Amino acid sequence: MSIDKAKERAKAAVTEARETLVEVSADIHSHPELALRETRAANLLSDTLEAQGFAVERGVYGIETAFRGVWGEGPVTVAYLLEYDALPGIGHACGHNLIATAGLGGAIGLKGAVSPADVRVVVLGTPAEEDIGGKQLLLDKGAFDGVDAALMVHPAPVEIADPLMFGFYSCYVTYHGREAHASVAPETALNALDGLVTAYQAVAQLRQHIRRDARLAGVILEGGEASNVIPATAKGKFEVRALHPQYLEDLKDRIEGCFRAGAEASGTKVEIEWTSFAYEPMNNNPTLVSLYKANAEALGRRFLDGVAASTGSTDMGNVSWKVPSIHPTFQVGAFALNHTAGFTEVCITDAAHDNMIQVGQALAMTGVDIALGESVADQARDEFAATSR
Ligand SMILES: [Zn+2]
Ligand SMILES: [Zn+2]
């Protein structure tokens with residue numbers, strides 16, 4: 001079968017599934033669930049996959065709201081990644097309802113386009129993107145072993161085929177001092193809050209002198225309870241982001257220096273606890289990016305040229321250092337910024353769903369390229385090997 005014909009079938013299969021995909025997206029959007037509690041969404045997506053002829057396992061890799069659907073037994077494995085967690089207070093302000101159904105559409109389209117001997121289509125339900133980096137939990141359990149290409153898309157204000165995403169670390173910092181009456185015996189105190197404030201100021205100064213493709217931020221979580229008691233404990237949370245992996249490590253060292261400076265100045269002790277998960281910078285696979293871009297452009301989509309250095313972080317970054325991956329962004333028909341209530345509103349409009357269907361088609365067509373294109377998977381793998389660290 002020619003690739004072009006298969007792509008026509010892929011598009012038609014997504015169009016045919018439109019009503020189902022929109023219904024699923026609307027259901028997820030109107031029942032926002034937080035990280036690791038996405039029971040309704042995971043069940044709905046699993047049911048839909050089963051109805052579409054995929055063999056589905058629920059609660060895989062030790063996570064109740066993760067799932068895995070499989071169809072076909074071909075030599076190349078294409079994985080579509082579905083996110084479906086929401087944000088506290090503002091619902092689906094990152095549009096993960098559209099990620100889930102665009103990926104579902106991609107899988108349905110690819111299944112409808114090729115024979116089961118051509119490809120193995122894997123659909124991975126990946127919980128908890130917004131909070132604990134659920135894809136890292138899946139990576140730890142081997143969920144991506146044997147995958148040749150991992151594909152997903154993300155709604156955003158701008159359309160970028162290979163968006164940069166920051167690598168990310170966060171940590172809790174606790175200062176331990178000695179409390180004292182603030183008036184009777186201040187000279188006997190070791191002021192934990194002073195330690196934290198000095199560290200915060202040092203971080204704020206450092207922030208002015210770091211590369212533009214990096215970010216530092218922090219908040220004070222705990223700084224005493226009464227002004228007449230010098231606090232013995234103070235606690236903060238800080239984060240470090242950078243596009244360049246080595247610079248991220250360098251910044252991690254430098255911010256630790258700021259924390260130690262606070263302890264040194266105040267005579268307190270500091271405890272630095274880096275959280276167990278980190279987001280890695282996105283390693284976009286050039287072969288897969290150019291195929292996706294060509295397919296999306298053939299459908300009439302237009303991409304922003306150039307580099308947008310203002311960006312966020314994603315656990316897809318972690319996947320992208322394990323297998324060849326893409327994470328293109330797509331517009332939803334109205335301008336709003338992710339993680340605002342305005343974005344929640346635009347992610348449920350007809351225009352958002354039109355865009356979701358179209359990028360679902362582009363994902364399906366890209367799957368066709370990987371399944372049927374001569375040595376596409378090999379080329380992506382070779383490139384991946386060259387960029388791996
Ligand atoms: Zn998101
Ligand atoms: Zn988000």
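The structure is a predicted model, in which local features need pLDDT of at least 70, side-chain atom pairs count only at pLDDT 80 or more, and totals for chains, interfaces and linings use all residues. Residues are numbered from 1 along each chain as its sequence is written, and chains are lettered from A and ligands numbered from 1 in the order in which they are written.

**Overall fold**

The protein chain holds twelve helices and 14 strands; helices (H or I, at least four residues) and strands (E, at least two) are DSSP runs numbered from the N terminus. Along the principal axes, the C-alpha atoms fill a box of roughly 85 × 40 × 40 Å. Of the 389 residues, 53% count as buried, a residue being buried if 20 or more other C-beta atoms lie within 10 Å of its own, exposed if 12 or fewer, and partly exposed in between, with C-beta atoms placed from the backbone. Among contacts (C-beta atoms, placed from the backbone, within 7 Å) between residues at least 6 apart in sequence, 79% join residues at least 24 apart.

An open sheet of mixed pairing is formed by six strands in the order 1-2-4-3-5-13. Its edge strands, each pairing on one side only, are strand 1 (55-58) and strand 13 (325-326). Two strands pair if DSSP finds at least two bridges between them.

| Strands | Sense | Bridges |
|---|---|---|
| Strand 1 and strand 2 | antiparallel | four bridges |
| Strand 2 and strand 4 | antiparallel | five bridges |
| Strand 3 and strand 5 | parallel | three bridges |

Val56 has Gly69 in strand 2 as its bridge partner, while Arg68 is partnered by Leu124 in strand 4. Strand 2 (residues 67-71) is mostly covered, with four of its five residues buried. Tyr80 stands opposite Leu151 in strand 5. Helix 11 (residues 350-372) packs on the sheet and touches strand 3, strand 4 (119-125) and strand 5. The direction of helix 11 makes about 160 degrees with that of strand 3; axes are lines fitted to C-alpha atoms, for helices over the stretch in contact, and angles run from 0 to 180 degrees between N-to-C directions.

**Leu44**

Leu44 lies in helix 3 (residues 39-51). This residue counts as partly exposed because it has 18 C-beta neighbours inside 10 Å. Leaving aside neighbours within four places in sequence, Leu44 is in contact with Val24, Asp27 and Ile28. Leu44 and Val24 are 20 residues apart in sequence, with 7.2 Å from C-alpha to C-alpha.

Note on methods: Contact = placed C-beta atoms within 7 Å.
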